[in-house]
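Hello,

Here is the structure I promised to pass on. My notes follow below it.

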Amino acid sequence: MEVQVAVAKVNKYASSESGDTVEIIERPRGGLSAVMADGQRSGRSAKVISNIVVRKAISLLAEGVRDGAAARATHDYLQVHRSGKVSAELNIVSVDLDTKSLVISRNSHCPVIVRRVAQTTTLDDSSSAIGIYSKTKPAITEFALEADTTIVAFTDGVFDAGARSGTLIQIPQLLEAIDGENSTSAVNIADSVLAEAMRLEDDRPRDDATVLVVKVCSFLKQGTHQDKIRRMSMRFPL
């Protein structure tokens with residue numbers, strides 16, 4: 001099997017900096033975790049908050065702390081660091097080779113969409129942003145690590161796309177249309193979801209918009225051979 005991770009993001013219209021932050025870390029017992037945070041408000045102040053959140057979560061995961069405990073500790077840190085006056089939404093998507101599982105941790109009002117063997121599930125259990133309320137905890141979902149699995153997480157700039165015109169983005173249906181074959185890459189999925197959000201916002205997003213895609217696919221269907229080489233790429237417009 002192969003794991004693909006892709007991120008596509010854009011700033012709020014007329015804002016010079018995104019308040020969303022995404023980072024990827026290798027897990028000490030094998031696998032990787034992608035951490036996405038959306039800081040309160042937008043622009044520079046939101047970026048400071050999302051950076052604090054992601055750095056804390058990444059450091060804990062790198063030390064072997066479990067995802068749920070890392071999310072709770074990150075909440076505690078933000079709450080103390082900012083005296084409970086600022087919040088952030090936090091998503092952690094992990095490929096855990098130690099437990100052979102996919103772990104999704106949500107502290108966000110935005111759902112996470114999961115497509116497994118042509119079946120689409122929306123993870124939308126109630127969960128609160130971190131940093132404000134004392135007993136905040138993440139909503140945790142765990143799946144067996146299997147091929148033909150696609151996980152799509154996103155911030156509210158994507159989730160609320162189209163609200164201004166009354167035509168909200170339909171991410172589950174969009175994912176079913178573009179992820180019909182295992183050959184569709186994580187990059188293509190992330191780009192397609194963000195492109196649809198931008199279209200519905202007339203290319204003037206009202207909030208920072210980020211899409212995170214983690215896809216597990218089989219080498220056989222990908223038409224490639226398993227060469228054991230890990231690859232990472234990034235495109236960063238200036």
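Two strands pair if DSSP finds at least two bridges between them. Helices (H or I, at least four residues) and strands (E, at least two) are DSSP runs, numbered from the N terminus. This is a predicted model: local features need pLDDT of at least 70, side-chain atom pairs count only at pLDDT 80 or more, and totals for chains, interfaces and linings use all residues. Residues are numbered from 1 along each chain as its sequence is written, and side-chain values use heavy atoms, without hydrogens or water.

Start with strand β3 (residues 31-39). Strand β2 (residues 20-26) runs antiparallel to β3, with 7 bridges. In their hairpin, 4 residues lie between the strands, and Gly30 has a positive phi near 110 degrees. β3 also runs antiparallel to strand β4 (residues 88-96), joined by 9 bridges. Ala34 in β3 stands opposite Ile24. Ala34 also stands opposite Val93 in β4.

Next, Ser101. Ser101 sits in strand β5 (residues 101-107). Ser101 counts as buried because its relative accessibility is 3%.

Last, Phe154. Leaving aside neighbours within four places in sequence, its contacts (heavy atoms within 4.5 Å) include Met36, Cys110 and Val211.

Best wishes

How values were computed: Buried means under 20% relative accessible area, exposed over 50%, partly exposed in between (1.4 Å probe, protein chains only).
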